[in-house]
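Reader: I would like to go through this structure feature by feature. Please give the general idea first and then the case at hand.

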Amino acid sequence: MALEITDATFDEVVLKSDKPVVVDFWAAWCGPCRMVGPVIDEVSNEYEGKAVVGKVDVDANQEFAAKYGVRNIPTVLVFKDGEIVSRQVGVSPKKVYTDAIDAAL
């Protein structure tokens, strides 16, 4: 399962990680987000120990969504060394996410 990331934990979990970090910005009311959610959970299981995979509920945690210009959800960002290395907006096949992680590893 993907890790729940909040505004309070974002800095520690994402920006200070020594591994690539996948962050799914989503909301409970968002239909496409519900399609991406299970894919993100699969990716989380497959990359356990190699990458951090988490989700940010944009309704409850708006600070970093705003900071990184997340205007549409789902938006999946991949961070490496605290910097965005990949941005995917909307629903994408699992391979798009895994390719982005592989490129960051």
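Reader: Where is the place of C30?

Author: Helices (H or I, at least four residues) and strands (E, at least two) are DSSP runs, numbered from the N terminus. C30 sits in the loop between β2 (21–26) and α2 (31–46), while C33 is found in helix α2. This is a predicted model, in which local features need pLDDT of at least 70, side-chain atom pairs count only at pLDDT 80 or more, and totals for chains, interfaces and linings use all residues. Residues are numbered from 1 along each chain as its sequence is written, and side-chain values use heavy atoms, with hydrogens and water left out.

Reader: Which residues does the UniProt annotation "active site" cover?

Author: UniProt positions are given in the numbering used here, feature names are shortened, and annotations may be inferred rather than shown by experiment. The annotation, from an unreviewed entry, covers C30 and C33.

Reader: Is C30 buried or exposed?

Author: Buried means under 20% relative accessible area, exposed over 50%, and partly exposed in between (1.4 Å probe, protein chains only). C30 is buried because its relative accessible area is 4%. C33 also counts as buried, at 2% relative accessibility.

Reader: Which residues is C30 in contact with?

Author: Contact means heavy atoms within 4.5 Å. Leaving aside neighbours within four places in sequence, C30 contacts I73 and P74. With residues up to four places away not counted, C33 touches W26, A27, I73 and P74.

Reader: What is the peptide bond from I73 to P74?

Author: Most residues other than glycine have a negative phi, and most peptide bonds are trans. The bond from I73 to P74 is cis, with omega near 0°. P74 belongs to the loop between α3 and β4.

Reader: What phi does D81 have?

Author: D81 has a positive phi of about 55° although it is not a glycine. This residue is in the loop between β4 and β5 (83–89) and is exposed, with a relative accessible area of 59%.

Reader: Which residues of the largest nonpolar core touch the most other members?

Author: A nonpolar core is a set of buried Ala, Val, Leu, Ile, Met, Phe, Trp, Tyr and Cys residues joined through side-chain atoms within 4.5 Å. In the largest one, of 18 residues, they are F10, V14, L15, V23, F25, Y68 and F79. Two or more residues each come from α1 (7–15), β2, α3 (63–67) and β4 (75–80). A second, separate core of 15 residues includes A2, V39, A100 and I101.
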